[in-house]
Amino acid sequence: YNAMGQPTNGGHLHPLLKVREEFRQIFFEMGFQEMPTNQYVESSFWNFDTLFQPQQHPARDAHDTFFLTEPARCLALPEEYVERTRRVHQEGGYGSIGYKCAWDREETEKNLLRTHTTAVSSRMLHKLAQQDTFTPVKYFSIDKVFRNETVDATHLAEFHQIEGLVADYNLTLGDLIGMLNSFFAKLGMTRL
């Protein structure tokens, strides 16, 4: 009973974590900054309204989205931005004709488990718009999102989403194609 046992192998990273880290390093090499994605609970305002998804859209139904019962509502929203968002939803603006239907404040305050990381991108773009002088940025996120889907062998209620956004002047479709080619080339995929 005093004999030394066989040394055990240490743990290994889960394959998903390995891929996630590889993607993170590629984004960093390309000059991107990582967005803070540690907030799984999101308001309908940031998750849907700021992305101009109509309040009557089926994705907002409880069959697709996990709504929270406690706390059920978000009470801290940027009021000036809420008002501009409401106006565009109802009446249009910035080239949009709007949805021409009533916009419900209670709907925008509902808390949920975020259905996509684009809610984080929306927050970051709002923060960027608050700057006195615009600074071009490249952001990315890789994190969990939640959908109220039927769980089976190939589907879970949570999965990971990868997202990137670039804000700058004079960007073209060619810039997007170049970034995608560069990203996938770093993964060894050159025939896109």
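Modeller: Happy to! Helix 6 has 14 residues, and from its first C-alpha to its last it reaches 20 Å, close to the 20 Å expected at 1.5 Å a residue (the expected span is 1.5 Å times one less than the number of residues). Helices (H or I, at least four residues) and strands (E, at least two) are DSSP runs numbered from the N terminus. This is a predicted model, in which local features need pLDDT of at least 70 and side-chain atom pairs pLDDT 80 or more, while totals for chains, interfaces and linings use all residues. Residues are numbered from 1 along each chain as its sequence is written, and side-chain values use heavy atoms, with hydrogens and water left out.

At the start of helix 6, threonine 172 brings a side-chain oxygen to within 3.2 Å of the backbone nitrogen of glycine 174. After helix 6 comes glycine 188, with a positive phi near 90 degrees.

Now for the pocket (an open set of points on a 1 Å grid, with protein on both sides within 12 Å along at least five of seven lines; lining residues have an atom within 4 Å of a point). The largest pocket has a volume of about 280 Å³, taken as the space filled by probe spheres set on the points. Its lining comprises 14 residues, and Phe32, Gly164, Leu176, Met179 and Leu180 lie nearest the centre. Helix 6 (173-186) and strand 5 (158-167) each supply at least two lining residues, and helix 6 gives the most, six. By class, the lining of the largest pocket has 12 nonpolar, one polar and one charged residues; here Asp, Glu, Lys and Arg are charged, Ala, Val, Leu, Ile, Met, Phe, Trp, Tyr, Cys and Pro nonpolar, and the others, with Gly, polar.

Strand 1 pairs with strand 4 (residues 137-146) in the parallel sense over two bridges, and DSSP must find at least two bridges for strands to pair. Glutamine 33 has tyrosine 139 of strand 4 as its bridge partner.

Elsewhere, there is one cavity of 30 Å³ or more, a cavity being a set of points where a 1.4 Å probe fits but cannot get out. The largest cavity, of about 40 Å³, has a lining that includes Pro54, His89, Tyr99 and Trp103. That lining divides into five nonpolar, three polar and no charged residues.

The loop between helix 2 (44-47) and helix 3 (79-90) holds proline 71, and a cis peptide bond with omega about -10 degrees joins glutamate 70 to proline 71. Phenylalanine 52 is found in the loop between helix 2 and helix 3 as well; although not a glycine, phenylalanine 52 has a positive phi of about 55 degrees. Most residues other than glycine have a negative phi, and most peptide bonds are trans.

Finally, there are 16 salt bridges, each a side-chain nitrogen of Lys or Arg within 4 Å of a carboxyl oxygen of Asp or Glu. One of them links arginine 24 to glutamate 21, with the closest N and O atoms 2.9 Å apart. Because they are three residues apart in helix 1 (residues 15-29), arginine 24 and glutamate 21 are separated by about one helical turn.

Terms used:
Polar contact = N/O pair within 3.5 Å; in protein donor to acceptor, adjacent residues only side chain to side chain.
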